[in-house]
Every structure is written in C-alpha cells, then in structure tokens.
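The sequence and structure come first.

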Amino acid sequence: MHEDFDFIVAGAGMVGSAIAYGLAGACQRVLLLDGEDGDYRAAKANFGLVWVSGKGYGNPHYQRLSYQAGRLWPAFARDLEQESGIAVQYENRGGLNFCLGQAQFEERSQAMRQWAAHTPDLALGVEMLDRAALQRRFPAVRFGSDVTGACFGSHDGHVNPLRLLAALQAAFLKRGGVLKSRHPVERIEAPAGGGFTVHSGAARFAARHVVIAAGLGSSKLGPMVGLDAPVRPQRGQLLVTERLAPLLPVPASGIRQTGDGTVMLGVTQENVGYDVTTTAEAAVRISRNALRVLPDLAGARLVRQWACLRVMTPDGCPVYAGSASHYGAWTALCHSGVTLASFHAGPLARALAGGALPSFLDPLHYERFHVPQAA
C-alpha cells in the first residue's frame, strides 16, 4: 500500500497524538501510526498531572516551556472537549507538594526560591504553606501528623490521561487525520527525490515530513534519519484505590483523587531497564507515604498495582530536534506528555507545519548532551 501525506507521525501516544491533532488542525494531511498493543507505553503509567511548579528546576528553558503549556491548558481542554465530545476531566484549582518534616519544608522552600529566580519575569504562582496555613486553605482535609506544610502551585492541575488520549485521537480523526493501529514503524527511508518512505510490515507510506514521537522506540527510528537522541527507560509503579468520598480537593505530587473518586498513589522512579514487573516493596513504600499525608486512606481497598516505563533523557528534560542530514524529519521526546500536550498540539504543531522548530526550543536539542563539560 502506498499513500501520500504531508506528515507521518510515528507513535500514537500522548506526544504523537497531540502533535498529529495539531498538524491536522493546520490543514496538513497526517498519518498517525501506532504500534502493537504490547509495546512499552508511557501513557499506561501516566499520573495525569498538569504541573508547572518545580518543573525545569535547573533548566530555565524547560521551566518556561512548562509555564507556557500550563497557561495554554484551559483553552486547550475546552476546545478539545468540544471537538471530540469527550470530557477529559481537567481541573485547574492548584496543586500541592507535601513536606514531611521541617527539613523537607526548608529544603523545598529554598529550591522554589532558586527555581523562581531563574525566571523573575514569570508569574509562577507558587507559595509555601506551613501546616497552619495549609489547614486554613483546606479546612475539610485531615492531614497526617507528619505533614509540616506544602508547596502550593496555583497553575497546577490534573486531567484524566486516558480520556485525554482518547479525545486527542478522536478529534484528530474528525479533522481528517488517518490513524492506523498495530502498524509499528520498522524502517524509514529518504528517497533521492525528497520526502520519506515509512515501512510497517508489508505496508509503505510516503510523506514530505516525518515526526518521530515513539518514546523509547525513538532510539531505534531516529538514527535512520540522522536523529540520535539518547533516551532510557525509568520504571514507575502506581497504586489505585476503590472509589472514595472526597479526601483531597486538589492533586498532589504522589496523591491524586480522580474525577471518578478513586485515589491514585505513586509514583516510583526506578532505573531497572525494560522491566515492567511490580514489587511488594514499592507497594508498601507508596502506601506508607500516602498514609503519612492522608491517614483516612487507611481503610481504603487497593484495587490495582501496575508499572510502566517513562521516557527519560539524560537530564530528564524534553528533546526537540530537526535532522541536519534529512530535511523534514523531526523528533519530540519527553516524560511530561500530559503537561506539554497543549504546547505540542498548538505552538509546536503550527511550527512544524511551517517547516521549522521555534528558535526558543534550540536549547532543548539533544546536542546539549554532546557539549564537553568544563572541568
């Protein structure tokens, strides 16, 4: 089979689907290729946070990008719901990062001061709440005795990640995009006449441009078109409870009550290679930490534990790059596919449709990993 498109997007996860949705809205003919059901998918372990506070610590370019994405989210969610007909359960009432003990509170306070100092021109909306202020802000919540306080980010929020992915793909199809499931990309060629030929099994597809957003699979596909971004897996384990009465009105780092009433708990950060098994040790650690924050969780039944692999670059920050040897080939990699979805579907997709990445993304090229460090 041979079809012609303006863009082929390899990878139909959160990143690829958002980019494809945006490209289709920019009047591009787009083919979105998804892999096999058993592929490593970061979206399976997505916590659903739309997070700004603390993002990009040590990297002001990522910090600014996260801030921009957070500000785009309300309109993005509204328009996506209207177009797809799917409620993504987005809420933007702020978020918390709990501190257990005075040492954690002071450490977080210092880190947030340093983080804010990198971008003094941005209204970051972050404040430290000691225990008394935290209790006044959320009088109906019973916090554990170990909770010293929390960092509150007014731009933070959360969304149902599965509904978000479904909405992106549904709206993409309504915009005239073509989605082919169980079509893992196996080979990308660049014919002499320009453009790209993408092979998936016996199928062949041709396009003027290709975007590699295949997560961990990007390490195999990128070098085929001169894109060699380093990426590694990081295991994240999560727990989810039965449906409960309201416990926490805003999401927190590691605790999130969903729109359906279940409570998600997590997440681990384990460098164990391509291992997606779950462990009792992680379940115990996650549960104990959650109970220190919200002791009312003690009576809740855990209904599921699972793990998946995040897409991590060496510094944990995103990668956006165009190929120097194959014009029209780009890659996009990150582990913040939910937070950055608004940016991927909006400014990034429009830039790609125009044929070039925006210059403010230059510092997020993977060449930063190859620059010799001063002794």
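## Core and side-chain contacts

Apart from neighbours within four places in sequence, His344 contacts Val15, Ala18, Ile19, Tyr320, Cys334 and Ala349. The model is a predicted one. His344 belongs to helix H8 and is buried, at a relative accessible area of 0%. Its side chain makes a polar contact of 2.7 Å with the side chain of Tyr320.

Tyr320 has its own list of contacts beyond four places in sequence: Leu65, Thr331, Ala332, Leu340, Phe343, His344, Leu348, Leu357, Leu361, Leu364 and His365. Tyr320 is also one of the residues with the most contacts inside the largest nonpolar core, together with Trp73, Phe76, Leu80 and Leu164. That core comprises 47 residues. Two or more residues each come from strand E1 (4–10), helix H1 (14–25), strand E2 (30–33), helix H2 (60–84), helix H5 (161–174), strand E17 (329–333) and helix H8 (341–353). The largest contribution, eight residues, is from H1. A separate core of 27 residues includes Ile8, Ala10, Val225 and Val319.

Aromatic pairs number seven in the structure. Two of them are set out below.

| Pair | Centre to centre | Angle between planes | Class |
|---|---|---|---|
| Phe7 and Trp330 | 6.2 Å | 25° | stacked |
| Phe138 and Phe152 | 6.4 Å | 55° | tilted |

The Phe7 and Trp330 pair counts as stacked because its planes, at 25°, fall under the limit of 30 degrees.

Phe138 lies in the loop between helix H4 (131–137) and strand E6 (147–153), while Phe152 is in strand E6, 14 residues apart from Phe138. Phe138 and Phe152 are both buried. Arg137 is placed over the face of Phe152, 4.9 Å from the ring centre. Elsewhere, ring pairs join Trp73, Phe76 and Tyr90 into a cluster.

Arg304 is part of strand E15 (residues 302–312). With a relative accessible area of 47%, Arg304 is classed as partly exposed, because this value lies between the 20% and 50% limits. Beyond four places in sequence, Arg304 touches Leu238, Leu239 and Val240. The C-alpha atoms of Arg304 and Val240 are 5.5 Å apart, although the two residues are separated by 64 residues along the chain.

Notes:
Residues are numbered from 1 along each chain as its sequence is written. This is a predicted model: local features need pLDDT of at least 70, side-chain atom pairs count only at pLDDT 80 or more; totals for chains, interfaces and linings use all residues. Side-chain values use heavy atoms; hydrogens and water are left out. A nonpolar core is a set of buried Ala, Val, Leu, Ile, Met, Phe, Trp, Tyr and Cys residues joined through side-chain atoms within 4.5 Å. Buried means under 20% relative accessible area, exposed over 50%, partly exposed in between (1.4 Å probe, protein chains only). Helices (H or I, at least four residues) and strands (E, at least two) are DSSP runs, numbered from the N terminus. Contact means heavy atoms within 4.5 Å. A polar contact is a pair of N or O atoms within 3.5 Å; within protein, one must be able to donate a hydrogen and the other to accept it, and residues adjacent in sequence count only if both atoms are side-chain atoms. Rings of Phe, Tyr and Trp (its six-membered ring) pair if their centres lie within 6.5 Å; planes under 30 degrees apart count as stacked, over 60 as edge-to-face and the rest as tilted. A charge sits over a ring if NZ of Lys or CZ of Arg is within 6 Å of the ring centre and within 35 degrees of the ring normal.
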